[in-house]
Amino acid sequence: MAILEVHEIRKKFDEEEILKGISFSMEKGQTLSIIGSSGSGKTTLLRCLNFLETPDEGTITVNGDLLYFANVTHMSEEEVRKSRHHFGMVFQQFNLFPQYTALENVILAPKLEAKSKEDVANVVERGKELLAKMGLSDRMDNYPHQLSGGQQQRVAIARALALQPDILCFDEPTSALDPELTGEVLKVIKELADQHTTMIIVTHEIGFAKEVSDEIIFMDGGVIAEQGPPSQVIDNPTNERTKQFLANYIG
């Protein structure tokens, strides 16, 4: 059974239709990368999956549970919050709280849900383990302004993992980084892929998408123009728009 099933997702802003009927599914442990030009709908799709935007039409199903059915589902704030727990989101701009240390940023959300002192202790321990996994054992007590961009993004990844989501989502995770810092973040994401973490990555790093992905979606004008393994979409695209995009990118 697919861990995620998306069916006919549509989204308008004012009169402009940004998503025009997006459908796809993915299996647990897969890495799916979404590529395409700016304005193709990639980030809007990711925000709809995370319930940061509300789709106008379509359904979203995780682990067989129908989370969202447009025009039928009316979600309370509590239901939206619970649905978001299925997805961990890593943004372009890190979005760390400047008044909290790296560790405090990571444990803030799960700590709010802890029921006992023992739960809190477990949350703190897991936060330390996640930061260690990100190579930040010696930066746990540092504030965001004391960290490089790459370190801040790794804290953001640890924070997203802290709630143990079913699917980890990245929205252009290296776009705010200097080129020399990009590699350290991509290395962490590659390690997560090697550990079969289920991930959706919106990225402009075509070479990285080819290396790390099980499936690639190319979006163009609010639709999926092409989908398949990297060997097809990157190396042997059949859609003319995919060919043009890759030629312009590589050229």
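Me: Is Cys-169 buried or exposed?
Reply: This is a predicted model, in which local features need pLDDT of at least 70 and side-chain atom pairs pLDDT 80 or more, while totals for chains, interfaces and linings use all residues. Residues are numbered from 1 along each chain as its sequence is written, and side-chain values use heavy atoms, without hydrogens and water. The relative accessible area of Cys-169 is 0%. Buried means under 20%, exposed over 50% and partly exposed in between (1.4 Å probe, protein chains only), so Cys-169 is buried.

Me: How many disulfides does the model have?
Reply: A disulfide is a pair of cysteine sulfur atoms within 2.5 Å. The count by this rule is 0.

Me: Which helix gives the most residues to the lining of the largest cavity?
Reply: A cavity is a set of points on a 1 Å grid over the protein atoms alone where a 1.4 Å probe fits but cannot get out, and its lining residues have an atom within 4 Å of a point. The model has 1 cavity of 30 Å³ or more, lined by Lys-133, Met-134, Val-188, Glu-191, Leu-192 and Gln-195. The helix that gives the most to this lining, with 3 residues, spans residues 179–194 and is H6.

Me: How many residues in the lining of the largest cavity are charged?
Reply: Asp, Glu, Lys and Arg count as charged. Beside 3 nonpolar residues and 1 polar residue, the charged ones in the lining number 2.

Me: How many residues of H5 are buried?
Reply: Helix H5 covers residues 149–162 and reaches 20 Å from its first C-alpha to its last, close to the 20 Å expected at 1.5 Å a residue. Just after H5, Gln-164 has a positive phi of about 50°. H5 is mostly covered, and of its 14 residues the buried ones number 14.

Note on methods
1 Å grid on protein atoms, 1.4 Å probe; cavity = no way out; pocket = protein on both sides within 12 Å on 5 of 7 lines; lining within 4 Å. Points joined across faces, edges and corners; volume = space filled by probe spheres on them. Helix = DSSP H or I, 4+ residues; strand = E, 2+ residues; numbered from the N terminus. Expected span 1.5 Å × (residues − 1).
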